[in-house]
Amino acid sequence: MPPNPLSDARCHPPPHRLLQWLFALFALFLSERTSRAHLPTSRPTSQKPVPSASLHTSPTSAPSKPRTPLPPTPHTPALTNPSSTQPSIQPIPSKLSTSIDGQLPKGFVLRWGADSSGGMPFVFYSPQDPNQLIGFEKEIVDAIGKVLGIPNRFHRANWATLVPDLQRNTFDIIVNGLEPTSDRAKVIAFSKPYYIFRQQLTVRKDETKIKTLDDCKGRLIGTLDNTAASRLLESKKLRYRGYDDQSVAYKDLEIGRIDAVLLDYPIALYFANSPKFKPAGPPFHRGAYIIGMRKQDTLLKHKIDHAIDRIAQDGTLERILRKWRLWDDIQKELAAGTAKYEITSLDFSWPNAFKRLGMAAIITIGLAFGAMLIAMLLGLLVALGQLHASASVRVLCNIYVEFFRGTPILVQLLFLYFSLPMVGITIPNWLTAIIGLGLNYAAYESQVYRTALQSIPAGQWEAAAVLGMGPWLTFRRVIFPQAFRVALPPMTNDFVALFKDTSVAFAISVWELATAYRELASASQKFMVLGALTSLFYLAMSVPLSYLARRLEARLQDPHPQDNPKA
Amino acid sequence: MIHVSGLEKFFQGKRVLHGLNVDIPRGSALGIIGGSGSGKTTLMRCINGLLRFEQGQVRCGDVDLLPTLSEKDYKKRLQSLRRQVGMVFQHLYLFPHKTALQNVIEAPLYVANISRDQAIAEGERWLERFGIAHTAHRRPEALSGGEQQRVAIIRALMMKPKILFLDEPTSALDPKRSSDVREIFNEFVRQGSTLVLVTHSIRFLRGLADQILYMESGEVVESGSAEQVLDAPKDPRTRAFLEYA
């Protein structure tokens with residue numbers, strides 16, 4: 001046998017590498033468990049139980065030592081109150097929040113993190129001037145900084161990872177429509193609320209049936225994942241689709257993929273501001289936006305709460321909220337200090353998480369197999385087009401390959417998602433994902449098949465020809481089986497890659513494995529254990545696949561196939 | 001059975017066959033000899049339709065091949081040509097993904113459409129006759145060069161061609177095997193079939209070829225009966241070649 005020109009050593013990771021990796025994961029998992037086990041004993045019993053998840057971002061710190069403040073960086077000296085020797089989370093009595101018993105370090109810059117993409121009206125870059133950051137939260141941060149006499153600096157972040165970023169000391173506070181939840185309370189400290197929000201249900205202009213949330217039974221509602229709205233829908237057992245981006249949710253409402261959108265009033269105010277939509281009833285179900293901080297930064301919390309009180313009482317907050325059309329009578333409670341709101345929680349349980357990951361894994365399998373089927377069939381056609389078709393078809397095939405290989409799959413998927421309904425095709429998200437992935441991978445497959453077909457010597461065609469075999473029969477019986485043998489290793493490679501690439505389907509809200517991980521982890525803050533679990537799910541699918549492919553390969557190359565002469 | 005006149009073949013503007021004339025009667029064997037690059041194989045490929053040529057004409061079996069034919073007409077004529085001729089390549093081109101038996105029954109099954117049982121029975125009989133029955137369920141890579149060569153010959157014979165082209169058919173066979181195979185070809189010719197073989201093995205040609213054609217640089221230097229050309233060559237170039245053979 002000539003050496004297989006396409007075989008790629010990378011598709012067979014040596015077993016010891018895999019083991020090493022698994023071992024590392026396992027070690028991480030163990031360290032997390034031990035640190036949890038150690039924590040309660042290392043603290044005075046009078047204290048509140050310490051959140052376990054708060055250690056997730058610093059797995060290297062010795063578990064038995066009491067928590068030390070994060071090491072100061074040149075720009076940000078430690079924020080822990082120097083007078084407080086107990087580095088713990090003492091609930092601060094509200095009376096204290098107006099008194100100042102410490103000084104922020106000299107030269108301190110308040111670094112605040114938020115997700116500015118699609119952040120209207122919270123924090124976003126002005127459409128008129130893309131360098132200009134605007135939004136009511138931006139103005140609130142400025143007002144707080146003014147009260148405290150400190151400058152501030154904005155850090156662009158990703159909504160899903162705001163909390164871990166905060167813990168990693170990327171910035172000092174989160175100001176991004178963050179709602180207090182019991183899960184987050186375990187990991188970070190909350191400031192006083194700076195805005196009381198309510199939920200707004202939005203429907204299409206021509207909708208007649210949906211007037212309240214209860215009318216949505218049996219309909220599909222869109223919302224952002226891991227928000228007060230999604231938790232409300234979950235608790236009401238209503239069918240919903242969790243989006244990553246609110247503009248996509250409203251776009252889907254417009255084209256009829258979903259029947260209503262439930263989101264915070266400020267979002268609805270700016271994103272549903274179109275004659276195509278109308279509100280279904282008044283806003284309801286209140287919640288609060290708070291600023292998130294590290295638990296050990298007690299002095300900072302002090303200062304921030306003080307500043308919020310100040311801007312609420314001196315009318316600055318009202319002026320800002322009025323400017324952004326967000327002011328209503330409920331907000332008066334902020335100044336009065338009587339604001340009541342609920343701390344919601346997502347019911348996180350391991351069996352539930354396991355179940356959701358399992359279902360997401362099944363969807364991932366479906367996506368991967370469906371897309372690979374399309375990729376193989378289309379890829380073969382494109383390869384044949386490139387090799388044997390007329391010049392014009394060949395050019396078309398080349399353009400296809402260059403286009404799909406040369407542009408990001410995420411862009412292709414989004415393009416497909418938005419453009420199909422415009423030409424009157426409405427198909428489910430998962431089908432869009434399969435087609436999108438299939439089209440993309442067909443470009444790669446075609447090149448695998450083209451080289452595989454070209455690697456078959458011309459003599460094979462001649463040998464079949466002199467036996468009287470026509471071109472199609474020759475291709476089917478002689479060329480294809482040999483090319484398949486050559487193409488199998490790179491194909492396996494591509495399939496494993498495709499398995500992982502299914503994660504881009506999150507962009508169009510398909511609940512596959514990576515999406516499930518993001519959602520579960522950002523809701524529970526258990527990034528590491530869930531990450532390990534998710535990786536195991538992926539491995540549980542890809543390792544058997546590689547194994548089967550290798551078996552098949554060996555069988556195809558066995559010089560002594562003890563089968564009957566079935567051709 | 002085969003009639004070639006004025007055959008000229010060009011490769012990239014370079015003439016490699018210079019107006020050849022060849023006649024091979026039915027039921028006879030023609031041996032083509034000559035040094036490497038003398039055009040033996042090219043001539044054979046032009047006759048059996050694997051190569052198109054620029055000048056002259058070829059009649060092979062009852063099919064006329066002309067350079068003036070359109071691609072479509074040419075392909076149509078090739079179809080009927082393929083039913084009459086077989087070929088064994090110098091490099092064999094066995095199907096590497098099929099066992100020896102699968103190799104030889106492929107065309108009978110899918111081109112001649114005979115039944116699987118009959119094809120297998122026939123294939124096994126041939127393998128037996130060539131002394132390689134034990135290779136039936138092995139793929140070519142597990143076969144010796146001589147075994148592979150015999151499988152390739154059987155693959156061609158299974159289609160019962162009226163004309164058989166052989167390009168160095170016995171290069172990998174030992175003298176005993178070579179002699180056995182020659183006997184099979186002799187029988188093939190006695191039954192009225194026609195054989196064209198290109199070879200370096202003068203020894204193999206003796207007692208098989210009726211006519212010999214000696215080529216050099218795309219030209220026929222000498223042709224005649226086997227005895228005459230091999231034992232009393234007229235042209236000094238033929239003589240020189242045979243001295244080394």
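Q: How many helices and strands does chain A have?
A: Helices (H or I, at least four residues) and strands (E, at least two) are DSSP runs, numbered from the N terminus. By that reading chain A has 18 helices and 12 strands, while chain B has 9 helices and 10 strands. This is a predicted model, in which local features need pLDDT of at least 70 and side-chain atom pairs count only at pLDDT 80 or more, whereas totals for chains, interfaces and linings use all residues. Residues are numbered from 1 along each chain as its sequence is written, chains are lettered from A and ligands numbered from 1 in the order in which they are written, and side-chain values use heavy atoms, with hydrogens and water left out.

Q: What share of the residues of each chain is buried?
A: Buried means under 20% relative accessible area, exposed over 50%, and partly exposed in between (1.4 Å probe, protein chains only). In chain A, 51% of the 567 residues are buried, and in chain B 55% of the 245 residues count as buried. Accessible areas come from the Shrake-Rupley method with a 1.4 Å probe, and for residues only the protein chains shown count as cover. Chain A exposes about 26600 Å², with 62% of it supplied by carbon and sulfur atoms; for chain B the accessible surface comes to about 10600 Å², of which 46% belongs to carbon and sulfur atoms.

Q: Which residues have the most contacts inside the largest nonpolar core?
A: In soluble globular proteins, nonpolar side chains tend to be buried together. A nonpolar core is a set of buried Ala, Val, Leu, Ile, Met, Phe, Trp, Tyr and Cys residues joined through side-chain atoms within 4.5 Å. The largest one here has 102 residues, and those with the most contacts inside it are W112(A), F136(A), I144(A), I173(A), Y250(A), I291(A) and I304(A). Helix α11 (residues 350–388) of chain A gives this core its largest share, 10 residues. The core lies between domain 1 (73–344) and domain 2 (350–556) of chain A, because both give residues to it; the domain bounds come from an automatic or database domain assignment. A second, separate core of 55 residues includes V448(A), V22(B), M44(B) and A107(B).

Q: Which residues of helix α9 of chain B are buried?
A: In α9 (residues 236–244) of chain B the buried residues are T238(B), F241(B) and L242(B). They are on the same side of α9(B), because they cover an arc of only 95° around the axis, the arc being that of the directions from the helix axis to the C-beta atoms. On the other side, P236(B), E243(B) and Y244(B) are exposed. Among the elements of chain B that cover the buried residues of α9(B) are β3 (29–34), β9 (211–216) and α8 (226–231).

Q: Is K9(B) buried or exposed, and what does its side chain reach?
A: K9(B), in strand β1 (residues 2–11) of chain B, is buried, with a relative accessible area of 7%. A polar contact is a pair of N or O atoms within 3.5 Å; within protein, one must be able to donate a hydrogen and the other to accept it, and residues adjacent in sequence count only if both atoms are side-chain atoms. The side chain of K9(B) reaches the backbone oxygen of R52(B) at 2.7 Å. In chain A, the side chain of D297(A) makes a polar contact with that of R294(A) (3.1 Å), and D297(A) counts as buried at 3% relative accessibility.

Q: Which backbone angles deserve a careful look?
A: Most residues other than glycine have a negative phi, and most peptide bonds are trans. N113(B) has a positive phi of about 55° although it is not a glycine, and it is found in the loop between α3 (100–110) and α4 (116–129) of chain B. M120(A) and P121(A) are joined by a cis peptide bond, with omega about -5°.

How values were computed:
Contact means heavy atoms within 4.5 Å.
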